[in-house]
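Hi,

Here is the structure I promised to pass on. My notes on what turned up in it follow just below.

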Amino acid sequence: DSYTSPAGRRSTHPLDVDGVDLRGRRRDSPSRREAERVTPLDVALAVARALETAGVDYFLGGSMASSFQGHPRLTNDLDFVVDLRAQDIEALKTALGPDFDVDEIALLEAVHRKASWNIFHLPTVTRIDLFVAKSGDYDTEEFQRRQTYEVLPGQRLFLKSAEDSVLRKLLWFQAGAESNSQQLRDVVEILRVQGAKLDEAYLAKWSSQLNISQLLLRAKASI
């Protein structure tokens, strides 16, 4: 799914267009400086708190989750898997507040299709992908195995388990015709950092059922 970010509001400054003056200089307003201090992790925590307030179970996945489980790397990718129902959407939009752009109609359609849609954090123009939880056997077990993780002192949110980060990234790597080498590098780093803490029986079971056993062996050989 794709989405075009909302158009910027017109500035009242006579020499300013969307925060950049006509001489090419960016005006350093207090609101702009404040937005620049907001990190993707801050946005992720704000989304997590809103989901919790709305009573929506979730976990954070993707590259941000794997950065906590393997080798940290800069990423603006915010991928949440959410157990979202139609009746939760209004409460979620309210909990997110005015800093977030939420297309309720598109999100409702995603819920009905068990698909994905995105919302935007407007001050930083950060896109957050919301993947509606599916009901397959692996999807269900993956969701049940989510874990709380302290991402900042006193700040926790749910992440997918390290094993499921490995499996999902291998699935994405496979689905992309094995062209996205970053996915495989992320897997290798999770395997290296987590080491003996990983549930090898779980990895063996699901890599076999998901037909990615050879990719898992390939990743392990690269450690």
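Predicted model: local features only at pLDDT ≥ 70, side-chain atom pairs only at ≥ 80, totals over all residues.

Ring pairs join Tyr58, Phe80 and Phe158 into a cluster; rings of Phe, Tyr and Trp (its six-membered ring) pair if their centres lie within 6.5 Å, with planes under 30 degrees apart counted as stacked, over 60 as edge-to-face and the rest as tilted. Residues are numbered from 1 along each chain as its sequence is written, and side-chain values use heavy atoms, leaving out hydrogens and water.

The count of aromatic pairs comes to five. In one of them, the ring centres of tyrosine 58 and phenylalanine 80 are 5.9 Å apart and the planes are at 55 degrees, so the pair is tilted. Tyrosine 58 and phenylalanine 80 are both buried (under 20% relative accessible area, 1.4 Å probe, protein chains only).

Phenylalanine 80 belongs to S4, and there Leu78, Phe80 and Val82 point one way while Asp79 and Val81 point the other. Strand S4 (residues 78-82) has five of its five residues buried, so the rest of the structure largely encloses it. Strands here are DSSP E runs of at least two residues, numbered from the N terminus. S4 pairs with strand S3 (residues 58-61) in the antiparallel sense over four bridges, pairing being at least two DSSP bridges between two strands.

Happy browsing!

Methods. Buried < 20%, exposed > 50% of the residue type's maximum accessible area, 1.4 Å probe, protein only.
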